[in-house]
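We will go from stop to stop, and at each one you will get something to select and something to look for.

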Amino acid sequence: MSKKAKPDLRTGMDAESIKNDIINHLRYTQATDLDSATEREIYKSVVLSVMDRLHDNWLKTQKEYREKKTKKIYYISMEFLIGRLLDNALINLGIEEPIREACKEIGYDYEVIRDMEDDAALGNGGLGRLAACFLDSMATLGLAGYGYGIKYDYGIFNQRIIDGYQVERPDDWLRFGTPWAVTRPSVMYPVRFYGRSTPYTDENGVLRFKWENTQHLYALANDIPMPGFKNGVVNNLRLWKATSPKSLDLTSFNQGEYINAVRDIELHENISRVLYPNDKVFVGQELRLKQEYFLVSSTLQDIIREFKAQYDDFRELPERVAIQCNDTHPNLAIPDLMRILMDEEGLDWDTAWDITTRTLSYTNHTVLPEALEKWPVSLLRNLLPRHLQIIYEINKRFINKVHETFGDDVNRVRRMSIISEGEQPSVQMANLGIVGTHKVNGVAALHTELIKKTIFRDFYELYPERFTNKTNGITPRRWLKQCNPPLADLIDSEIGDSWITHLSDLKKLDKKTGDKSFMTKYRDIKQQNKERLADYVREHYGYDLNTNAIFDIQIKRIHEYKRQLMAAIHTAALYNRLKANPDLDIAPRTVIFAGKAAPGYAMAKMFIKLITSISEKINNDPDMEGKLQCFFLDNYSVTLAEQLIPAADLSEQISTAGMEASGTGNMKFALNGAITIGTLDGANVEILEEVGEENIFIFGLTVEEVEELRRAGYSSWDHYNADAELKQVIDQIRDGFFSPDNPSLFHSITNSLLESNDYFLVMADYPAYAEAQKKVEALYKKPEEWFKVALHNTARVGKFSSDRTISDYATDIWGCESQLKEGREYQGTKK
């Protein structure tokens, strides 16, 4: 009888193999041992042991794609807000428990080790987090999906609140390196800038152009594995790091001119140094444009190299490759692919254009005209002269088509031109994206309809078949199984775990509202999560949360249209009510804000100061004890969101109707049993459709009513004078009640509401918002009813899985399908 084979040290999925692998990595990779290792060294060895268990499938997956000649999807994004990776990798590999046991056996608590990981904050917010969810879904669905981004040395800034003000600190997430990234010295490409475009005639008498006398630097590939859920698929996120082609100038160095010696190296490597904060506009910032082209050029070179290794005919490119541009930032891929196909591969314009447009597609993320990216022609002429030449030719041919279709409609031509007119002409990147791709998608049903009717109306009339909707989604692996284990375990015990890859299976929970035992457990889990958050906040912030209160949470980028100001005004109004009537019978409430304001966005930063000032007033008033609290938690991140979302009772999604493209925080909250209070904006509209109007608190003006109000002539003073409660809070803000040491501190806020006529309609929507909040309170006083509504939210938001979103992209835009063989897709257990 043969002995059972001993699990391999590097690939065994049992705790003993993992423990020995961790110990080996301590000794042989890090030159330390258990007796002297720090927690960070233990963390690194744990990650390296996880990487060992990913490598075989990582290599095998790529080999399968090559052998099957699978159509590849390249997802290009300036942002990937991937957060921490350890928990997610363990869940998708199915080795959470063996890792915990292995850590315990070497004398460490897994939670302590996990917390050594820094968030990879390579994004500003929703755009980057969406990209991260999409990579998880592509791998889980068995699609040959590759993410392409930049390995920023510094991610989105660390936020500190000092004296109530936001202060930005560098996010040095790589100060200790990252064990998740594999550097590929063999995958490095030159990226060129400047120079000139020189015409010449080739041997066939055809006019060609050569981009010459350029300056260049190199893009070095760093790969991070993206495992699917229990299916053996490991896809790839490739992040480019800028490196200088120049070595140290020893002459300058030896003469004591150290700065000159390293200057050129620093200038080149600055390109991947820092993620730009999401300011309103990037006005003529050459470094930002360089970053965008750096990403596009290196990625396209990589795609072309991979393609040419397997195929000879570029006309096959659209059948073998799909390139998705996440927002306008990668849209320079259009002229760059044209340049490669014509200047380097010798194709004619028409063939190159057909290939380019059928290969590329573009996702739009905004309905705000002022947020559409544009670059000065003068900047492009200097930095990318050949690309500007191609863009002008694209525009000339496109304008001819507009004339053919619509005649001499001068205004229409001006609106649709890729090149804007005026003293300082600019390239309209969204217009370029629509003209140079075969599909343009919005990210929620309302958003897509709005862009067709407003900012892209002319284009929709010309190319109706190009526009499609792909409502955003979230990965249930991170946003339920990982961040809310007690709820995930309860669901597994009731309906099985098929929901992890088929989120619509949660619909089976709908019938559980009459099951008292289940509802008690569901309610208890929410309480556990609130207590867990309270422990976290006490440890990290020093605040004591009232866990018996409504946890009313608004977490998102700070922006006027997201209307944190309205929630702050309501919190102050609650304070005034309680001061006027201390015996008022209200449900206790803990209001929590978190989010970062762009460093240059003065108004958003002043909102933070106002919220912290209101918080100080409330939290230091003994009359509010047990009744009302307000907190601003600094340095919002994916990891903090994973603490806040499972604990929330109320999800604040209160943007001005018509301004939020989609939102995904709304989906995460609803999935975890928070009830939404929101406007009919973004994906709130579809959440309403899914959960039912009785299970959501909808208030405020609709998109049509916003338009009509502005058209008819809106006066914020009318609302100020008509609502005594609102007027009292505005007066307090204006007169220094919340800033006694500087009474005029918040005049910019009150002026925006009154003197500038409240563009974001905070005062117009406030009465309806306050009324909706009264309904929230009334329902919360009936716990059985509240938690039935909460469960309906958990049960009915299966549509908002990013798996569904990615399936829709694959079918309608990319023209590809899953490569999972029968039986490899995780089906889960069903009950």
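Before the first stop, one definition: contact means heavy atoms within 4.5 Å, and angles run from 0 to 180 degrees between N-to-C directions. Please also keep in mind that this is a predicted model.

**Stop 1: the mixed sheet**

Select the strands S7, S10, S11, S4, S1, S12, S13, S16 and S17. In that order, these 9 strands form an open sheet with mixed pairing. Its edge strands are S7 (182-193) and S17 (467-469), each of which pairs on one side only. On average, neighbouring strands of this sheet are turned by 25° against each other, direction ignored.

Now zoom in on S1 (residues 72-76) and S12 (residues 321-326). The two pair in the parallel sense over 5 bridges. To see one of these pairings, pick Ile76, whose bridge partner in S12 is Cys325.

Helix H2 (residues 39-68) lies across S1, S4 (145-150), S7, S10 (215-227) and S11 (234-243), and runs at about 95° to S11. Helix H11 (residues 333-344) lies across S7, S12 and S13 (360-363), and runs at about 170° to S13.

**Stop 2**

Select Phe80, which is found in strand S2 (residues 80-83). Is Phe80 buried or exposed? Its relative accessible area is 2%, so Phe80 is buried. Leaving aside neighbours within four places in sequence, Phe80 is in contact with a list of residues that includes Tyr75, Leu122, Ala131, Leu135, Tyr148 and Leu237.

Then jump to Ile451, in helix H17 (residues 445-453). Ile451 has 0% relative accessibility and so counts as buried. Which residues is Ile451 in contact with, leaving aside its neighbours within four places in sequence? They are Asn364, Thr366, Val367, Gly442, Phe456, Arg457 and Phe467.

**Stop 3: a pair of helices**

Show H20 (residues 485-495) and H21 (residues 516-541). Their axes come within 9 Å and cross at roughly 165°. Angles over 145 degrees count as roughly antiparallel, and H20 and H21 are therefore roughly antiparallel to each other. The crossing of H20 past H21 is right-handed.

H20 supplies Pro486, Leu487, Leu490 and Glu494, while H21 supplies Phe518, Lys521, Tyr522, Ile525, Gln528 and Asn529. Sorted by type, the residues of this contact are 6 nonpolar, 2 polar and 2 charged.

**Stop 4: the parallel sheet**

Select S20, S19, S18, S21, S22 and S23. These 6 strands, in that order, form an open sheet in which the pairing is parallel. At the edges stand S20 (628-633) and S23 (697-698); each has a single partner strand, so one side of each is left without a neighbour in the sheet. Helix H23 (residues 602-619) packs on the sheet, where it touches S19 and S20, and its direction makes about 145° with that of S20.

Stay with S19 (residues 589-594) for a moment. Since 6 of its 6 residues are buried, S19 is largely enclosed by the rest of the structure. In a regular strand the side chains alternate between the two faces of the sheet. In S19, Arg589, Val591 and Phe593 point one way and Thr590, Ile592 and Ala594 the other. S18 (residues 550-555) runs parallel to S19, joined by 6 bridges; one place to look is Gln554, whose bridge partner in S19 is Phe593.

Move on to S22 (residues 675-678), which is covered on both faces: Ile675 and Ile677 on one side and Thr676 and Gly678 on the other are all buried. S21 (residues 650-653) and S22 run parallel and are joined by 4 bridges. Here, pick Glu652 and find Ile677, its bridge partner in S22.

**Stop 5: an enclosed helix**

Finish with helix H24 (residues 638-647). How many of its 10 residues are buried? The count is 10 of the 10, so H24 is largely enclosed by the rest of the structure. Among the buried residues are Val638, Leu640, Glu642, Gln643 and Pro646.

Notes. Residues are numbered from 1 along each chain as its sequence is written. This is a predicted model: local features need pLDDT of at least 70, side-chain atom pairs count only at pLDDT 80 or more; totals for chains, interfaces and linings use all residues. Side-chain values use heavy atoms; hydrogens and water are left out. Angles under 35 degrees count as roughly parallel, over 145 as roughly antiparallel, 65 to 115 as roughly perpendicular and the rest as oblique. A crossing is left-handed if the near helix is turned anticlockwise from the far one by less than a right angle, and right-handed if clockwise. Ala, Val, Leu, Ile, Met, Phe, Trp, Tyr, Cys and Pro count as nonpolar, Asp, Glu, Lys and Arg as charged, and the others, Gly among them, as polar. Buried means under 20% relative accessible area, exposed over 50%, partly exposed in between (1.4 Å probe, protein chains only). Two strands pair if DSSP finds at least two bridges between them.
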